Amino acid sequence: MISDDPEQFKGLVQGSLRRQVTAVNYLAREGLNFWDYGNAFLLEAGRAGADVYKNSSKGTFTYPSYVQDIMGDVFSLGFGPFRWVCTSGKAADLNLTDQIAADVIDEFLKTELPSATAEQYKDNHKWILEADQHELVVGSQARILYADQAGRSAIAVAINKAVAEKKLSAPVVISRDHHDVSGTDSPFRETSNIYDGSAFTADMAVQNCIGDSFRGATWVALHNGGGVGWGEVINGGFGLLLDGSEDAERRAKSMLNWDVNNGISRRSWAGNKFAIETIKRAMVSEPKLVVTLPNPVAADII
């Protein structure tokens, strides 16, 4: 039907969206807590004529995206899905990287941290200690761990050292999901909680990708459509090989500093209190990092 009668197919899809929204609205009135994961459900439902708008002229929805409801503050603290892949393909190497990451987090938890940051570290410490028992590996020996800039850099350095010392049998590639602090511009998901008018620009993802390339990424990617739909999102990504060399350590520190703090800066300019606190701490940690801080203006003055 998609090829033979695309208009009929589109009409059936839109009819299904309207029926789903009718059900969601009914359940929400009965107390259901609903949010959009960010895969453009509300956007496409609105285009189909469903009753999803709080203000149709402004394009604001009755329900929040889950970034607005949950993840936006996590991203503003600098935490997001950091990834690594053991190129050896050996489970033993992955298990060792899990322990390395847990040990790094242990050390951070011994320091003085803002309560919101400490909570993230505690949750992710529990996750990485238990990751293997959940048997999530289905192909490459790879792991995802939510971590902030300091955590990612420290884990990368520790893994690189383990490669150099032959504790790991082969290099490790670090990366992240595009659904992260600064890798994606998407007004319906990753940047849906940025309310300064810039949510519909793609500056952050592009700067993230190109900045990573300058700072030592092994490869970078800039692509369109991931998770939300073509034309609705721009994603920037990277991969960085940790081969045990001093150069790999240098590049990891430099690149990860930019990769995360680029997004925290953007979120601070939009007024997120966690992002403002986090970027201030980042500038203390790295004196070469200088970020213009926002100057709040009272609503009655605006």
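Guide: Leu 77, Pro 114, Ala 116, Thr 117, Phe 274, Glu 277, Thr 278 and Arg 281 form the lining of the largest cavity. Keep in mind that this is a predicted model. Two elements, α5 (115-130) and α9, each give two or more residues to that lining. The largest share belongs to α9, which brings 4 residues. As for volume, the largest cavity comes to about 40 Å³, and the structure has 1 cavity of 30 Å³ or more. Sorted by class, the lining splits into 4 nonpolar, 2 polar and 2 charged residues, with Phe 274, Glu 277 and Arg 281 among the residues around the space.

Helix α4 (residues 91-109) packs with α5 at about 155 degrees, and their axes lie 9 Å apart. The pair is therefore roughly antiparallel, since angles over 145 degrees fall in that class. The crossing of α4 past α5 is left-handed. On the α4 side, the residues that meet α5 are Asp 98, Ala 101, Ala 102, Ile 105, Asp 106, Phe 108 and Leu 109. Facing them from α5 are Ala 118, Tyr 121, Lys 122, Asn 124, His 125, Ile 128 and Leu 129. Taken by class, this contact holds 9 nonpolar, 2 polar and 3 charged residues.

The lining of the largest pocket draws at least two residues from each of α6, α7 (203-214), α8 and α9 (273-285). So what volume does the largest pocket have? About 780 Å³. There are 35 residues lining the largest pocket, and those closest to its centre are Gln 149, Asn 257, Asn 261, Ala 282 and Leu 289. Helix α8 gives the most to this lining, with 10 residues. The class count here is 12 nonpolar, 13 polar and 10 charged.

From α6, the contact takes in Gln 149, Arg 152, Ser 153, Ala 156, Val 157 and Asn 160. From α8 come Ala 248, Glu 249, Ala 252, Lys 253, Leu 256, Asn 257, Asp 259, Val 260 and Asn 261. By class, the contact has 6 nonpolar, 5 polar and 4 charged residues.

One more open space is worth a stop. The second largest pocket holds about 490 Å³. It is lined by 23 residues, with Gly 59, Thr 60, Gln 68, Pro 187 and Ser 192 closest to its centre. Here α2 (41-47) and β2 (60-61) are the elements giving two or more residues to the lining. Its residues divide into 12 nonpolar, 8 polar and 3 charged.

Conventions:
Residues numbered from 1 in each chain as written. Predicted model: local features only at pLDDT ≥ 70, side-chain atom pairs only at ≥ 80, totals over all residues. Heavy atoms only, no water. Contact = heavy atoms within 4.5 Å. Nonpolar A, V, L, I, M, F, W, Y, C, P; charged D, E, K, R; others polar. 1 Å grid on protein atoms, 1.4 Å probe; cavity = no way out; pocket = protein on both sides within 12 Å on 5 of 7 lines; lining within 4 Å. Points joined across faces, edges and corners; volume = space filled by probe spheres on them. Axes fitted to C-alpha atoms, helices over the stretch in contact; angles between N-to-C directions. Parallel < 35°, antiparallel > 145°, perpendicular 65-115°, else oblique. Left-handed = near helix turned anticlockwise from the far one by under 90°.
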